[in-house]
Amino acid sequence: MNQPIEHPVSEKLIQKLRSEASENGTLNYREFIHFALYDPDYGYYCRNTQRVGRNEDSDFYTSQSLGKVFGLLVVDAVRKLLEENSATPVVLSDWTWVEVGYESDAGWWVDDECPFKEIIRIGPTDPIHITGQCIVFSNELFDAQPFHRLLYINGQWRELGVDCSGPELKDCVLDELSDEVHTFRHQLPLEAEEGYSLDLPLATRSLLHQLTDGKWEGLFIALDYGKTWPELTRDFPQGTARAYYKHEQSSKLLHQPGRQDITCHICWDWLKEDLEKAGFKTGRLESQEAFFVKNAVHRIEQIITAKAGEFDPQRQTLMHLIHPATMGQQFQVLSAYRGKE
């Protein structure tokens with residue numbers, strides 16, 4: 001589908017896409033999304049603009065955007081998970097909090113209230129270097145990685161790309177698989193419905209390797225949305241990719257590049273497998289609702305009973321975070337622990 005050019009940022013980025021395209025004017029989707037999100041001059045995550053928040057100037061909001069209540073729940077859950085994996089009493093002030101994919105201050109703690117020894121914030125494009133005794137935390141980080149798009153046509157998987165040769169960007173079917181997909185091809189389903197679209201988040205595995213490769217011990221926690229490999233290859237014939245702009249979800253991935261977020265569901269099976277290979281144990285995947293109810297139940301009880309019979313903004317926020325009709329079941333949490341080698 002043809003997409004209009006609506007903004008100078010998009011126009012300049014499209015010019016760059018054309019300069020980076022192959023001889024026939026095409027890019028695979030991973031390449032296109034990489035530039036659309038992370039180009040240092042015009043990429044969505046590199047531009048100085050508000051992206052996350054619950055206001056009309058932002059494009060989406062996350063659990064973290066809800067502020068202090070979310071932070072209190074996370075701290076209680078961290079303490080419980082550390083206690084489960086420690087033979088000695090847990091002192092949070094001995095631990096470093098490492099937040100990867102940091103976007104903006106959620107207002108969890110003022111300096112004198114922070115329970116951790118140190119806070120390290122790694123932005124979406126910052127280098128990753130983690131050492132020591134840490135809690136490595138991310139919220140909607142893995143779904144922000146570039147991904148490939150495949151289509152099952154006439155009994156085989158073909159890779160989709162972006163045609164940059166004309167006045168407007170449009171989808172196309174590439175002549176050959178990219179190197180990454182070609183390497184992965186033997187893990188693709190042998191058969192699928194004709195026209196089945198599969199969004200392939202291969203970059204999440206290399207990102208996880210960067211996060212777990214350092215000499216650090218402690219807790220890994222990732223909040224995100226994703227599916228199992230069988231679900232991705234069976235239950236989503238239109239794929240899971242979507243774009244977000246001004247709090248509206250769209251399937252128009254080529255619309256105004258550089259000015260909208262582009263994302264897809266991640267594959268939890270891959271991350272669980274790779275965490276185990278990296279020496280993590282007790283890996284657990286559960287809904288956001290279950291994660292907090294199991295690991296922060298006392299905090300939840302305090303919030304629910306604090307102002308019984310009257311309106312309480314904190315209780316309202318809590319319900320938004322854990323209710324199954326809102327964020328409680330929309331997001332999942334993968335947690336795992338790695339001790340000293």
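## Sheet, strands and helices in a predicted model

Helix α7 (residues 268-277) lies across β9, β15 and β16 and runs at about 10° to β16. Helices (H or I, at least four residues) and strands (E, at least two) are DSSP runs numbered from the N terminus. Axes are lines fitted to C-alpha atoms, for helices over the stretch in contact, and angles run from 0 to 180 degrees between N-to-C directions. Helix α8 (residues 288-295) also lies across β9, β15 and β16, but runs at about 120° to β15.

This is a predicted model, in which local features need pLDDT of at least 70 and side-chain atom pairs count only at pLDDT 80 or more, while totals for chains, interfaces and linings use all residues. Residues are numbered from 1 along each chain as its sequence is written, and side-chain values use heavy atoms, with hydrogens and water left out.

**The sheet**

Six strands form an open sheet with mixed pairing, in the order β3-β2-β4-β9-β16-β15. Its edge strands, β3 (118-122) and β15, each pair on one side only. From one strand to the next the twist averages 15°. Two strands count as paired if DSSP finds at least two bridges between them. The table lists pairings in this sheet.

| Strands | Sense | Bridges | Example of opposite residues |
| β4 and β9 | parallel | eight | G132 and W216 |
| β9 (residues 216-224) and β16 | antiparallel | seven | A222 and L334 |
| β15 (residues 281-287) and β16 | antiparallel | five | R284 and S335 |

T96 also has a bridge partner in β4, namely C134.

Strand β4 (residues 132-139) is mostly covered, with six of its eight residues buried. Buried means under 20% relative accessible area, exposed over 50%, and partly exposed in between (1.4 Å probe, protein chains only). In strand β16 (residues 332-338), seven of the seven residues are buried, so this strand is largely enclosed by the rest of the structure. Q332, L334, A336 and R338 point one way from β16, while V333, S335 and Y337 point the other way.

**Helix α3**

Helix α3 (residues 68-84) has 17 residues and reaches 25 Å from its first C-alpha to its last, close to the 24 Å expected at 1.5 Å a residue. The expected span is 1.5 Å times one less than the number of residues. Because 12 of its 17 residues are buried, α3 is largely enclosed by the rest of the structure. Among the buried residues are V69, F70, G71 and L72, as well as L81 and L82.

D76 lies in this helix and is buried, with a relative accessible area of 15%. Leaving aside neighbours within four places in sequence, D76 is in contact (heavy atoms within 4.5 Å) with N295, A296 and R299.

**Helices α1 and α2**

The axes of helix α1 (residues 8-20) and helix α2 (residues 29-38) come within 11 Å and cross at roughly 145°. This crossing of α1 and α2 is right-handed. A crossing is right-handed if the near helix is turned clockwise from the far one by less than a right angle, and left-handed if anticlockwise. L13, K16, L17 and E20 of α1 make the contact with F32, F35 and A36 of α2. The residues of this contact divide into five nonpolar, no polar and two charged. Here Ala, Val, Leu, Ile, Met, Phe, Trp, Tyr, Cys and Pro count as nonpolar, Asp, Glu, Lys and Arg as charged, and the others, Gly among them, as polar.
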